[in-house]
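Welcome, and thanks for taking a look at this model.

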Amino acid sequence: MRIGFYMKWEKGLSSRPGSNVIGEELYFEAMCRYLRQLPDIESAELYAPNHLPEERIDVMVHVNDTPPFKNAERNALYLQNGYGDGADVVLEELTKNGYDGYILLSDRLLDVHRSKGFDGVNIPLGADTEFFHPREKDPSLEYDISYVGNDIKGKERTLQYLMPASRFDLGLYGNWAIDHRWRNELLSRIGRSYYERYRVELSKLCRGKIPQEQLPVLYSSARINLNITLQDAVDWDFWNLRPLEIMACGGLLMTDRFPSLEREFEGGAVFTDGGDAMVKEIEYYLENDDERANIARRGMEIVRERHSIKDRARDVYNYLRGL
């Protein structure tokens, strides 16, 4: 079986200076690596506008909002992102493309999808445990709390979950920097701040983009690792990849709460409502090393037992071969 995954971004974009990390590229390159280990897979490869298949393949899995390929026997949509307009709205629009199959991350979204006459499967994300595993601590990364991500969660969630962490020794990584030359020129024209106050404060704390190979070291070194979920993912009850990667490294995960995440990782993560209560929770876990270590250990066990990308690759293969 020849399987392809197609993303709308160019391959290699994540490694370019100043660009954001394209999660689809990293995740589906790993997915292909594990698929190629299965006996019935002739080929599995991630394609992009600058890397197209040279011959016809059996199935192309679209990981963004791209139309079906004519040079694929079958086409499937893998809806693995949250959307500002709502995943249900985006999915309904994309069904007009006439895919042969649908892979979703949420039972709730799958139920809505089926109510409109379509079918599919719920396959959550999985951690690449061969890459994300405990590493030797780096003293320079032993922050009270770490957060990796860009300013895409919105003002409300950033104020609720990230700003409380800024009161501590925060290792903040991502594209939060402000171009002050452009900002000063703008301010001279409009006479007020263009940026929200939280963005200005966090831009001063941000340490830039962290190399991918350093992520497991960061998660292993920081005392607490924070995750914030996009509101659309909370609404539709599907988790993103970062919690799995943090727990796979044996790091303590502190995350916003929603049903499927709490149900699946009970005892293996700290769930918070943010705000002032979160400040007290951070203080508590910073002071209780043994409890922090026990929760982190349980989280790592759960990911290894049930949520590796190797297992997800087999789930994807089993679904695709039945299309």
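At what angle do the axes of helix α11 and helix α12 cross, and within what distance do they come? The axes of α11 (residues 275–287) and α12 (residues 289–306) cross at roughly 100° and come within 5 Å. Before the details, please note that this is a predicted model, in which local features need pLDDT of at least 70 and side-chain atom pairs count only at pLDDT 80 or more, while totals for chains, interfaces and linings use all residues. Residues are numbered from 1 along each chain as its sequence is written, and side-chain values use heavy atoms, with hydrogens and water left out.

- The axes are lines fitted to C-alpha atoms, for helices over the stretch in contact, with angles running from 0 to 180 degrees between N-to-C directions.
- With a crossing of roughly 100°, α11 and α12 are roughly perpendicular to each other; that label covers 65 to 115 degrees, with under 35 counted as roughly parallel, over 145 as roughly antiparallel and the rest as oblique.
- On the α11 side, Tyr284, Tyr285, Leu286 and Glu287 meet Asp289, Glu291, Arg292 and Ile295 of α12, where contact means heavy atoms within 4.5 Å.
- The residues of this α11 and α12 contact divide into four nonpolar, no polar and four charged.
- In that grouping, Ala, Val, Leu, Ile, Met, Phe, Trp, Tyr, Cys and Pro count as nonpolar, Asp, Glu, Lys and Arg as charged, and the others, Gly among them, as polar.

- Tyr285 lies in helix α11 and is buried, with a relative accessible area of 13%; buried means under 20%, exposed over 50% and partly exposed in between (1.4 Å probe, protein chains only).
- Leaving aside neighbours within four places in sequence, Tyr285 is in contact with Ile224, Leu252, Met254, Val270, Glu291, Arg292 and Ile295.
- Between Tyr285 and Leu252 there are 33 residues of sequence separation and 9.4 Å in space, C-alpha to C-alpha.
- Glu281, also placed in α11, counts as partly exposed at 22% relative accessibility.
- Beyond four places in sequence, the contacts of Glu281 are Met254, Phe271 and Thr272, and its C-alpha atom is 9.3 Å from that of Met254, 27 residues apart along the chain.
- Setting aside neighbours within four places, Val279 touches Pro164, Arg167 and Phe168.

**How α1 meets α13**

- The axes of α1 (residues 23–35) and α13 (residues 309–320) come within 9 Å and cross at roughly 75°, which makes α1 roughly perpendicular to α13.
- Tyr27, Ala30, Met31, Tyr34 and Leu35 of α1 make this contact with Ile309, Lys310, Arg312, Ala313, Val316 and Tyr317 of α13.
- The residues of the contact of α1 with α13 divide into nine nonpolar, no polar and two charged.

**Loop residues**

- Asp128 sits in the loop between β6 (121–122) and β7 (145–148) and counts as buried at 10% relative accessibility.
- The side chains of Asp128 and Arg33 are joined by a polar contact of 2.5 Å; this term means a pair of N or O atoms within 3.5 Å where, within protein, one must be able to donate a hydrogen and the other to accept it, and residues adjacent in sequence count only if both atoms are side-chain atoms.
- Neighbours within four places aside, Asp128 is in contact with Ala30, Arg33, Tyr34 and Ile309.
- Thr95 belongs to the loop between α2 (87–94) and β5 (101–104) and is buried, with a relative accessible area of 11%.
- A polar atom of the Thr95 side chain lies 2.6 Å from the backbone oxygen of Glu92.
- Asp237, in the loop between α8 (231–236) and α9 (242–248), has a positive phi near 65° in a residue other than glycine.

**Cysteines**

- A search of the whole structure finds zero disulfides, the term being a pair of cysteine sulfur atoms within 2.5 Å.
- The sulfur of Cys206 is 20 Å from the closest cysteine sulfur, in Cys249, too far for a bond.
- Cys206 counts as buried at 16% relative accessibility, and Cys32 counts as buried at 0%.

Terms used
Helix = DSSP H or I, 4+ residues; strand = E, 2+ residues; numbered from the N terminus.
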